[in-house]
Amino acid sequence: MPEPGAMAVAARFRDVTVEFRCPDPADVAHLRYYLSDHLVDHDSPAGLVVRLETESGGSFTEALGTAAVKRVRWRTTTGPWRLYEEWGEHARRPSPVPPFGLPPLRDLVHLRHGAAVAAPDGSARALAITGDSGAGKSLVLLHLLRLGWVFVSDDLLVTDRRHKARLYSYGRPVGIRERSLPLLPWLDAGLLDDAPVLPTRWGRTWMVRPQRLGRCAPPDQPLRLAWRLHLTRGARFDVRADGPTSWVTWDPQEHLEELLAVCPRPAGDGGACAA
């Protein structure tokens, strides 16, 4: 249970209840939006507690991207408080929201940067989309959702620590970048009206709940990672298959249709692969 008067949000990941303690109501609203698929009440004891702090005692969310000093601390049920990171303008460590890099979750899952969708045929086969930041992962994901594929995750692949081909859904918002809007002419502009906007090096990015964009896999539902699409930006379109992975060089402005044609065809036998 949270401390009396504390502002807290509880969420569950892989059967682990996590309590996030916040300094400001704006932080509670932010976390509830980002973690809405995983929210639970406070009836069950938390296996992990994460505390967000600012030196001024003000909003942690509003201090992000500024030089204000921010700290994240954590503890397990019986352990002492530990400092995860203290920083000013730029954090060096991965965000602890979600806290997959902290115990006990870090012993259960393996993380990788990428997006994922499940095949529209209901077979529980999943396609992982990987590549450097700006390679077009979220753009491809959005087009596949429009074509009937099922949302699994954006920006983060969560696989089982012992079984790397077992993929779990993580229902965080999808980042829609301003520069991608001309490539999404079918997107309802109303979806962006009430979505939080983040300033990024790619320009403004709207964080839209995936339920507003298409079907979603249930939280923590295991899927079989059957094949992978690795994206690299380049002037010429090129596809190289290597087992269950297709390595694609592309220019989103020129090769979107060719790229989407590659997605439904697993390389090799489409059995399973590791992210």
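**A first look**

Strand 13 and strand 14 are antiparallel partners, joined over four bridges. Keep in mind that this is a predicted model. From that pair we'll move to the sheet around it, then to the nonpolar cores, and finish with a couple of arginines.

**The three-stranded sheet**

- One of the bridges to look up links Pro 199 to Arg 204, its partner in strand 14.
- The pair belongs to an open sheet of three strands, which runs in the order 12-14-13 with antiparallel pairing.
- On average, neighbouring strands here are turned by 35° against each other, ignoring direction.

**The nonpolar cores**

- The largest nonpolar core has 36 residues, and the members that touch the most others are Leu 127, Leu 144, Ile 176, Leu 213 and Leu 231.
- Several elements give two or more residues to this core, among them strand 8 (125-131), strand 12 (174-177), strand 14 (203-208), strand 15 (222-233) and helix 4 (256-262).
- Helix 3 is the top contributor to this core, with six residues.
- Leaving aside residues up to four places away in sequence, Leu 127 touches a list of residues including Ala 115, Val 117, Leu 144, Trp 149, Trp 227 and Cys 263.
- Another core, of 28 residues, lies apart from this one, and Phe 20, Val 50, Leu 102 and Tyr 170 are among its members.

**Arg 73**

- You'll find Arg 73 in strand 4 (residues 70-76).
- Its relative accessibility is 23%, so Arg 73 counts as partly exposed.
- The side chain of Arg 73 makes a polar contact with the side chain of Glu 53, at 3.1 Å.
- Beyond four places in sequence, the residues Arg 73 touches include Val 49, Val 50, Arg 51, Trp 81 and Tyr 84.
- Val 40 is 33 residues from Arg 73 in sequence, and their C-alpha atoms are 21 Å apart in space.

**Arg 172**

- Arg 172 lies in the loop that runs between strand 11 (166-168) and strand 12.
- With 16% relative accessibility, Arg 172 counts as buried, because the cut-off for that is under 20%.
- The side chain of Arg 172 makes a polar contact with the Asp 155 side chain, at 3.4 Å.
- Other residues that Arg 172 touches, leaving out those up to four places away in sequence, include Tyr 34, Phe 151, Met 207 and Pro 210.

Terms used
Residues numbered from 1 in each chain as written. Predicted model: local features only at pLDDT ≥ 70, side-chain atom pairs only at ≥ 80, totals over all residues. Heavy atoms only, no water. Core = buried A, V, L, I, M, F, W, Y, C linked by side-chain atoms within 4.5 Å. Buried < 20%, exposed > 50% of the residue type's maximum accessible area, 1.4 Å probe, protein only. Contact = heavy atoms within 4.5 Å. Pairing = 2+ DSSP bridges. Axes fitted to C-alpha atoms, helices over the stretch in contact; angles between N-to-C directions. Polar contact = N/O pair within 3.5 Å; in protein donor to acceptor, adjacent residues only side chain to side chain.
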